[in-house]
Structures are given as structure tokens and as C-alpha cells.
Amino acid sequence: MLERNRHFTRVLVLVVLVALALRVWGLTTQSLWYDEGFSVNLAGQSWGRILLGELNLPPLYHLLLGAWVRLAGSGEFAVRYFSVFWGVLLVVLGGAWVSRLLGPRAGALCALLLAMSPIEVWYAQETRMYAMLGALALASSYLLTCLLAPPLRSNDLSRSSLTAEAVTTRGGWLWALYALVNIAAVYTHYYAALVLAAQAVWLLLHLVRTRDWRPARAWLLAQAALGLALLPWLPVFWGQWQAANTTYWPGRLSLGFVAGRAMLGFAGAGLTVADSAALGLALPLAALAALGLLVGLARPRWRWGTLCLLVYLLVPLALFYALVRDRPKFSPRYLLPIVPPLLALAAGALAALWPASLRDRRGWARSGLAVLLAVGTVVGSAAAAGNAQRDAAYGRDDLRGVAAFLTQAAAADEAVILVSGHLEPAFTYYYRGANCFPIPPRYTPSPSVDDVLTPAAFEDLNRAIVGRRGAWLVLWQDNVVDPNGVVLTALELAAHEAADAPAFRGVELHHFVFPLGLQLQPEMFAQHPLGVTIGDGELALVGCTLPSDPVPAGTSASAVLLWQTVRPVPHDYRLSLRMIDGQGQERVREDSRLGGYMYPTDHWRPGLQVVGSHRVPLPLSLPPGEYALQATIYRIGDRASQTVPLGNFRVGRALRQPTARELGIDRPLGLIFGELEVMGSRLAPSEATLGQTVYLTLFCSAREHPRERYRLAVWLDGERWAGLDLPASTVDMEPGDVFELQYPLVVPHAAPAGLQPVAVTLEGATGQAVAAAQAVSELTVSIAARIFEVPAGIRNPLRFTLGDQVAFLGYDLEPSVARMGDVLYLTLYWRGLRTMDTSYTVFTHVLDSQNKIWGQVDRIPVETTRPTTGWLVGEAFIDPYAIPLRADTPPGMYAIEVGLYDVVSGARLAVHDEQGRRVADDRILLGALEVRWPGPAQATPAPARP
């Protein structure tokens with residue numbers, strides 16, 4: 001075909017030269033990353049090892065690469081140039097193929113788009129099989145196109161398929177070549193089969209159009225040859241398939257996610273540019289492809305070729321999604337074979353915009369638009385393709401840089417520890433030292449997500465560090481092999497981390513200096529034994545390790561928890577670490593998973609010991625002293641939790657003092673109380689009702705060393721509100737030390753309504769104020785109308801007492817028959833029996849026969865406006881709730897339980913009936929509720945609120 005159109009040939013040659021230059025430019029700028037290093041390592045081994053050495057893929061690429069490195073060497077340029085060849089060949093084939101389908105102009109434009117494609121350039125510079133896969137898949141498609149359709153020429157626009165005579169004259173050698181290319185493609189990568197499936201649809205469409213079965217016989221013979229060629233490999237393939245099932249976490253991918261991420265990946269997202277930049281290229285390409293599809297289907301001379309492109313695009317995508325939907329191991333590179341048809345459709349749109357002549361303004365306008373779109377697309381693609389050479393934030397993992405640094409920095413008596421261990425084949429391409437130790441030492445190219453490191457790895461780790469004064473820890477894909485950070489946590493606990501480890505792209509580096517004779521023991525993760533059973537007995541908290549030395553404020557305290565899986569865990573438990581000060585107030589809370597973020601508890605295997613390493617950030621203004629650490633274990637969406645005291649640790653003086661801006665002081669106060677100064681304050685909330693808890697925060701500094709331990713006196717509207725202890729560490733303050741005090745205060749029952757001043761002073765040991773009280777803030781007190789009469793008209797009167805503090809009087813409920821997704825309107829009636837120091841929370845749960853919750857509202861009474869700490873003896877309360885039923889609530893009979901609990905401890909108030917008997921589970925069960933299937937019945941309106 002090339003001889004028939006010299007102009008097209010010249011353009012194609014020019015495009016190929018550009019493609020070659022773009023792929024050779026910067027070929028060795030970036031380091032070989034793991035996949036490439038593994039391929040080079042495998043290619044240098046024996047032929048038998050090469051044949052069976054790749055875990056998840058067939059062997060042809062590595063066999064050819066092995067022959068190539070034996071001829072050209074294993075340098076970076078040589079091993080990557082092997083892919084350059086296939087990448088340039090793909091550009092040639094793409095131009096020739098699209099020229100047959102849509103004409104020379106579209107073919108030239110498609111070749112240009114392929115030459116500039118970010119993902120095609122990226123994988124043409126990578127020592128892996130993806131460029132070869134794309135070229136072989138396209139070669140197979142080109143050959144089948146030659147066998148099924150003639151070249152599209154301007155003087156013969158009506159023919160869309162070969163006549164029977166033309167097919168008959170085709171030599172069998174072309175079908176034989178087609179079969180050989182298919183065999184090579186599938187032996188390069190299994191996903192080549194997706195393209196062969198698209199070709200089967202081509203053949204079917206061709207048979208429908210021509211009614212000639214002779215191509216079908218030849219095609220079936222080619223597929224039979226492919227089957228025979230693959231037959232010896234089937235046992236290996238089956239073993240690979242089984243092993244590959246454990247190299248990813250279970251889950252499900254949506255079609256939109258796969259298609260969207262593939263389109264962004266084709267534009268270089270995550271490889272050469274950010275997602276936002278890739279989106280700016282992907283959207284115009286998708287729009288051009290859609291336009292090309294519409295134009296191609298509308299033009300009779302392009303209809304067959306456009307249909308082939310559409311099939312080539314959609315069939316592999318659909319089949320690929322069927323494979324990965326429930327096996328979510330996905331990367332855009334797996335769909336690299338469908339890049340040519342996508343760009344071919346875009347090229348068809350650009351070619352269609354070009355007018356037949358330039359004799360009028362319309363022709364010039366169309367040509368201008370075509371040039372503008374083509375130049376914009378090509379320039380954008382080229383910029384994205386070359387961005388990784390310019391922007392250090394993108395590119396391959398810098399193993400070369402890490403190895404070069406360690407070659408100079410690692411002493412002979414220091415170990416280089418690789419986590420993950422399967423990095424060794426790639427890392428040792430650059431690093432030749434004998435002190436390199438992979439953990440685990442026995443690894444597979446693609447590790448199983450079930451085989452995570454546990455404290456049992458200490459045996460291998462101790463062999464690496466014995467007799468050495470330090471180690472350099474190289475972390476790469478440790479979130480798969482060591483998601484809980486066993487190795488890093490052990491070294492952080494037992495050794496000193498130096499601050500001389502630089503940063504490298506894609507690789508994390510740490511440097512540790514060991515104490516003499518260091519040996520790691522699993523007991524280091526549980527220096528404080530606990531032995532607490534969690535949940536329904538599926539987990540145990542074996543113990544924990546807290547800091548033994550004071551941790552400076554403004555840094556992070558490390559808490560290490562050791563867990564034991566007793567039996568399969570059906571839930572993803574979460575952990576809330578809470579730091580409590582000497583006044584019992586929570587100062588810091590840090591929520592996380594029990595182990596590593598990438599290793600939820602429902603993935604833990606029975607009998608497994610899991611290390612959870614957690615960082616508790618300490619505010620810069622935290623007063624020094626001793627603090628308690630508590631662990632609350634809970635499940636998402638489940639109110640039930642379990643709190644375990646872990647122990648105490650000390651917070652030391654901050655390494656530097658915070659500024660007023662860092663403290664968030666908007667209005668400086670500068671109030672002097674003896675040796676201490678109140679720099680600023682915060683009161684939250686600034687408006688509250690009687691009995692509500694507000695939090696007073698004071699930012700203080702020491703003007704000189706305090707002579708005694710003071711108490712803080714707080715006044716509201718001139719009346720003494722509270723006397724509060726200052727932390728014990730205040731007597732050790734040095735001049736200039738800054739610290740933050742935080743106290744919960746309950747608005748007293750006798751507080752007057754309106755805006756009231758809040759003042760403070762300090763009192764000495766004798767109770768004498770060191771200075772007059774001075775205002776630090778203001779509080780607006782709102783007082784609701786009080787009811788002491790039992791409300792009349794309670795539809796369902798009941799009598800229960802809760803903790804001898806609250807009486808439950810009854811309830812109203814609408815509707816009594818509901819449908820899934822409805823809202824229940826529940827009104828509860830309470831009465832205070834005693835004043836309370838605890839603010840209790842009301843729980844309302846809709847339960848099935850298995851006590852599973854299908855509707856829930858938990859909150860402070862009367863829509864959070866009447867906390868129980870503000871209730872007076874004999875005061876009555878009307879407490880409304882709107883409880884939404886879940887949309888998937890099954891039809892049936894349900895119960896509603898209500899009660900009160902302390903949100904801090906999780907303990908419910910004891911419930912007794914009228915006879916004084918303790919009620920099981922400390923709950924009040926209301927009347928039965930029926931839930932029905934959705935029907936035409938009108939929704940029940942919300943009842944009028946009293």
C-alpha cells in the first residue's frame with residue numbers, strides 16, 4: 001500500500017523519525033524501576049529459568065529480551081531500546097492500518113497521534129512487554145484487515161469488503177503469518193486474547209455482509225494453530241492464574257472507574273502528569289473520538305473501517321472489565337492495545353474536518369479548525385509525554401539514586417535492608433554491595449497480600465543486623481508486604497534514627513544506629529501486657545508499648561499495640577487513641593485502623609499476630625506532665641465500643657514555644673496574675689443553656705518561675721463558678737514557657753439569662769487570690785421555659801426509672817405501620833428525679849428480632865438543647881425524634897428501644913420497672929412497629945410538635 005501513495009509514505013517516514021526521536025530522547029534519564037529490573041534480571045538467567053520465571057505472564061518477551069541482552073548487553077539504553085523498536089513499529093503499523101480503513105490522511109494523523117501519545121511513549125521506554133504487546137496486537141489486526149478488506153482509495157470509494165474472487169486469490173502465506181503473529185501476541189501477554197475476540201466479531205460482521213464462508217475456514221484454522229501452540233503452556237497458565245488470585249485485595253471495580261481511569265492513563269495520568277492535566281488532554285481526545293465515530297458511521301466509504309475501530313475499542317474493554325470486576329487488579333497499561341483504535345477515531349474526525357477544497361470561506365474555516373485541533377492535540381500529547389523528563393515529581397521509582405547514595409554512604413559494618421524483599425532483583429541491578437538483605441528473604445515477584453510480615457520476621461531481621469552498628473532501611477511496596485510496619489516499628493523502638501537519609505522518588509529511606517549487641521525480640525511490642533478480649537472474642541489485645549522517656553510537646557508520641565487474631569474477623573474494627581490529662585479531660589484524639597491503613601481487620605487471618613504502630617500528635621502548647629492513654633475499639637456504624645486503659649506516659653517541655661498565631665489567639669489579653677500571664681482565651685460554645693457544658697481554654701505563659709502551685713478560680717456574672725487545679729507541671733515552668741489550659745464547665749442552674757461576663761483569677765494554697773478577677777470572655781445564657789406538670793395526653797403512658805435520676809413517663813409514635821424508607825416520629829416524655837453531674841445521651845433504635853439496628857438517632861435531649869446536667873428535680877421534658885428507616889428495611893415486625901447512656905464511658909443508665917426490677921440490657925422497649933413493602937399509601941405527615 002505504501003508504494004501506491006508516495007505522499008503518505010513520505011509523511012509516515014517523517015512521523016516515524018519523530019516517534020523514534022521522542023522515544024530515544026531521555027531514554028536513560030530515569031532509573032529502571034522494579035518491573036524493569038526484574039525483567040533484566042530474569043533475562044540474564046538460564047533459558048529454563050527465563051521460560052518459567054515470570055509469575056503472571058507468558059514467556060516470549062523475556063526469551064527475546066534474553067537473546068537481546070546477550071547480543072547488545074544489559075545497560076539501561078540497550079534494554080530499553082528493545083521496547084523502542086516495538087514502540088516505533090506500532091506507529092508504522094497504526095498509520096498503515098488506519099490508512100486502509102479511513103484513508104491516507106487519517107492514517108498519517110493516527111500515526112502522528114500514536115507517535116506523541118503519552119502512554120505509548122512511556123511504555124516504549126520501559127523494559128517490559130507492553131510495547132511489544134501493542135505492536136503485535138496491531139500487526140495481527142492489520143493482517144486480518146488486509147485479508148478482509150481492500151485498501152481505501154479515492155478512486156474506489158464504494159467497495160467496503162473483498163469479493164469472493166479476491167479472497168480466493170489471497171495466498172495462504174498471509175493467513176499463516178496472521179496465525180504466527182497471534183501466537184506471538186498471546187505468548188507475550190494473555191490480554192492479547194482480548195484483541196483476538198474483537199477480530200472474531202470483525203469476521204462475523206464480514207460474513208454477514210458478504211455471505212462468503214471461505215475467510216471463516218482460514219480464520220478457524222489460524223485459531224486452531226493458536227490453540228495447539230498454547231496447549232503445552234496450559235498447565236503453567238493454570239498455576240499462574242491460581243497464584244495471581246492472591247496478589248490483590250478482594251473487591252469490585254465499576255465500569256465507569258475502569259473506563260475513566262483508562263482514559264486518564266492514556267493521557268499520562270500518574271505517569272507523566274497529574275490527573276488534572278491528563279483530564280485536559282483526555283476530554284478533547286474523547287470528544288474527537290466520538291465525533292470521528294459519528295462521521296465515520298455516516299460516511300458510506302468509512303463505515304466498515306469505523307465499525308472495525310469501534311469493535312476493536314469496545315470488545316476488549318468489555319471483556320477486560322468482565323475479568324477485573326471481581327478481581328480488582330487494574331492498570332491502564334493492561335488496555336494499551338485499545339489506544340490505536342481510540343486515536344484512529346480521533347484522527348478520522350480531524351481528517352473529516354479538512355475540506356475538499358479551499359475555494360471559499362467555509363473551506364478555509366474548516367481547514368483552520370482542523371489545523372487548530374490537530375496542533376492542540378499533538379502539542380498537548382507531546383508536552384504530556386515529555387513532562388516526566390522535566391518534572392521531578394513524575395517518573396519511575398529512583399532505584400538508581402538510592403543505590404548510588406548507599407554505595408557511598410553505607411559503611412561496611414552497616415546493613416542495607418530491603419522491605420519488600422522482592423525488590424532485590426531490581427535493586428541489585430544498581431547496588432553491588434554484599435551487605436544487602438531482603439526481608440522476607442524468600443519472595444515471589446508478585447507477593448500475596450495474605451503473606452504479610454509478622455514478629456516472626458525478627459529471625460531474618462536479626463541475621464541481617466547481627467554484629468553491625470547500623471542499618472539503612474529501604475522501603476518500597478512495604479504497604480503490601482509489611483502494611484503494619486513491623487520492621488520500621490521495631491527499628492524505631494530499638495535503635496536511634498539518624499536524620500541523614502535523603503528523599504528519593506518512589507522509595508523511602510531510613511538510617512538507624514544500633515546499640516551494642518542489638519537483638520530484636522517480639523516482646524518489644526508488648527512491654528505492658530494487657531490480654532484483653534475484643535468484640536465477640538475474635539480478637540485479643542495482647543499488650544502495648546508506650547514511650548519510656550518524656551516526649552516533647554509539639555512532636556508525636558508513639559504507641560505500639562500488639563493484636564492476636566483468634567478466629568476470622570467479620571468486621572473492620574477502628575481504633576480511637578485518647579490522651580487524658582490529670583483533670584480527666586481528653587486533650588488529644590487520634591482515630592485509625594487497628595493495624596496499618598492498608599490492612600483492615602476483616603483481612604486478618606486466624607492465629608496471626610498484628611502490630612499496630614500509631615502516632616499521637618502532641619500540641620505545641622500542651623503542658624508537660626503525665627497523661628493517660630486509652631484505646632477505644634469500635635466498628636463503623638455501630639454505637640457499641642470497648643475502652644481499654646493502655647497506661648501512662650510523660651510529656652516534656654516543647655522544643656520551642658508557640659506563637660500567638662499558632663495558638664489561634666485573635667484578641668490578645670495580656671492579663672497578669674502573679675508569675676503567670678493569660679495571653680488569650682476561647683469559650684466554646686459562646687451561647688449555652690442551663691446545664692450545658694462549655695469549654696474554657698486559656699493560653700498562658702510564665703513570666704517567671706512560679707513560687708507555688710496555683711488554682712484557677714472562674715466567675716460567671718460575679719458569682720463563683722468553679723475552682724480548678726492547674727497542672728502539676730506549672731510549678732516547673734521556666735520564664736517564657738507557653739501552655740494551654742482547657743476545662744469543661746457546666747452552666748449552673750441559677751445562672752441569669754443574657755450576656756454574662758466570664759472572669760478568672762489565680763488562688764494560692766490558702767485560697768487567697770493573687771490578683772483581682774479579670775474578664776476573659778462572655779457567655780450568652782439562654783433559659784427555656786420549664787415544665788413541672790406531667791404533660792397531658794401521653795398516648796402510651798409507661799413508668800420506668802433510670803438510675804434513680806430520671807423517670808420515663810411514656811411516648812407517642814407515628815405511624816405504627818411504616819414502609820421501608822419512611823421516617824418515624826417518636827416523642828418521649830421524661831421527668832427529672834435528681835440533679836445530675838453527667839450529661840446523658842438518649843438512644844432510640846429500631847431493632848429486628850436479631851437486635852440489628854434499622855433506624856437510629858442518638859442525641860442530647862430536646863434536640864440537644866436540654867442536657868441532663870441542667871434538669872431540676874420534678875422538671876418534665878417533651879423530647880421529639882425523627883427516626884429515618886433504612887431504605888432496605890425488610891418487611892416485618894420491629895421493636896423500638898430507648899434509654900440513656902454516658903457518651904464518655906458508653907455505660908447505660910440502669911433501668912427499673914414499676915416493681916423495681918432491673919430491666920435486661922438497661923433499655924425500655926416500646927410497642928411493636930410493623931414495616932411493610934412500599935405501596936400506594938400516602939406518607940404519614942410529621943406530627944405537630946408540642
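Where is the place of Asp 922? That question opens a set of close-ups of this predicted model, and the view with its answer comes first.

**View 1. Asp 922 and its backbone angle.**
The place of Asp 922 is in the loop between strand 32 and strand 33 (924-925). Look at the backbone here: phi of Asp 922 is near 50°, a positive value in a residue other than glycine. With a relative accessibility of 11%, Asp 922 counts as buried, because buried means under 20%.

**View 2. Gln 477, another positive phi.**
Gln 477 is not a glycine either, yet has a positive phi of about 55°. You will find Gln 477 in the loop between strand 3 and helix 22 (478-481). Its relative accessible area of 32% makes Gln 477 partly exposed.

**View 3. Two cis peptide bonds.**
Ser 420 belongs to the loop between strand 1 and helix 20 (424-427). Another cis peptide bond joins Glu 814 and Pro 815, and here omega is about -10°. Pro 815 lies in the loop between strand 25 (806-814) and strand 26 (817-819).

**View 4. A salt bridge from loop to loop, Arg 469 with Asp 413.**
The model's count comes to 35 salt bridges, and three of them get a view here. In this one, the side chains of Arg 469 and Asp 413 meet at 3.0 Å, N to O. Arg 469 sits in the loop between helix 21 (458-465) and strand 3 (470-475), and Asp 413 in the loop between helix 19 (399-409) and strand 1 (414-419), so the pair ties together parts that are 56 residues apart in sequence. Arg 469 is partly exposed at 42% relative accessibility, and Asp 413 is partly exposed too, at 31%.

A salt bridge of 2.7 Å, N to O, brings together the side chains of Glu 675 and Arg 707. Glu 675 is in the loop between strand 15 (671-673) and strand 16 (676-684), while Arg 707 is in the loop between strand 18 (693-702) and strand 19 (711-716), so this contact ties together parts that are 32 residues apart in sequence. Which end is buried, and which is exposed? Glu 675 is buried, with a relative accessible area of 1%, whereas Arg 707 counts as exposed at 65%.

**View 5. Strand to strand, Glu 763 with Arg 720.**
The side chains of Glu 763 and Arg 720 form a salt bridge of 2.7 Å, N to O. This pair links distant parts of the chain, with Glu 763 in strand 22 (residues 754-763) and Arg 720 in strand 20 (residues 719-725), 43 residues apart. Glu 763 counts as buried at 10% relative accessibility, and Arg 720 is partly exposed at 38%.

**View 6. Tyr 187 and Trp 233, an aromatic pair.**
The structure holds 29 aromatic pairs. In the one shown, the ring centres of Tyr 187 and Trp 233 are 6.2 Å apart and the planes stand at 65°, so the pair is edge-to-face. Tyr 187 lies in helix 10 (residues 172-188) and Trp 233 in the loop between helix 12 (214-230) and helix 13 (234-244), so parts that are 46 residues apart in sequence are tied together. Tyr 187 is buried at 15% relative accessible area, and Trp 233 is buried at 8%. A separate picture to bring up is the aromatic cluster formed by Tyr 123, Tyr 130, Tyr 191, Phe 257, Phe 320, Phe 330 and Tyr 334.

**View 7. Arginines over rings.**
Arg 299 lies over the face of Trp 302, at 4.8 Å from the ring centre. The charged end of Arg 593 sits over the ring of Tyr 597, 5.0 Å from its centre.

The strands follow the order 30-27-25-24-32, with antiparallel pairing. Strand 30 (876-884) and strand 32 (911-912) are the edge strands, each pairing on one side only. Nine bridges join strand 27 (residues 823-832) to strand 30; Thr 827 stands opposite Pro 880 in strand 30.

Trp 354, Val 371, Val 375 and Val 379 make a nonpolar surface patch of about 330 Å². Val 379 lies in helix 18 (residues 361-390).

Definitions and conventions:
Residues are numbered from 1 along each chain as its sequence is written. This is a predicted model: local features need pLDDT of at least 70, side-chain atom pairs count only at pLDDT 80 or more; totals for chains, interfaces and linings use all residues. Side-chain values use heavy atoms; hydrogens and water are left out. A salt bridge is a side-chain nitrogen of Lys or Arg within 4 Å of a carboxyl oxygen of Asp or Glu. Helices (H or I, at least four residues) and strands (E, at least two) are DSSP runs, numbered from the N terminus. Buried means under 20% relative accessible area, exposed over 50%, partly exposed in between (1.4 Å probe, protein chains only). Patches are made of residues with over 30% relative accessible area and no salt bridge: like charges are joined within 9 Å, nonpolar side chains (Val, Leu, Ile, Met, Phe, Trp, Tyr) within 5 Å. Accessible areas come from the Shrake-Rupley method with a 1.4 Å probe; for residues, only the protein chains shown count as cover. Rings of Phe, Tyr and Trp (its six-membered ring) pair if their centres lie within 6.5 Å; planes under 30 degrees apart count as stacked, over 60 as edge-to-face and the rest as tilted. A charge sits over a ring if NZ of Lys or CZ of Arg is within 6 Å of the ring centre and within 35 degrees of the ring normal. Two strands pair if DSSP finds at least two bridges between them.
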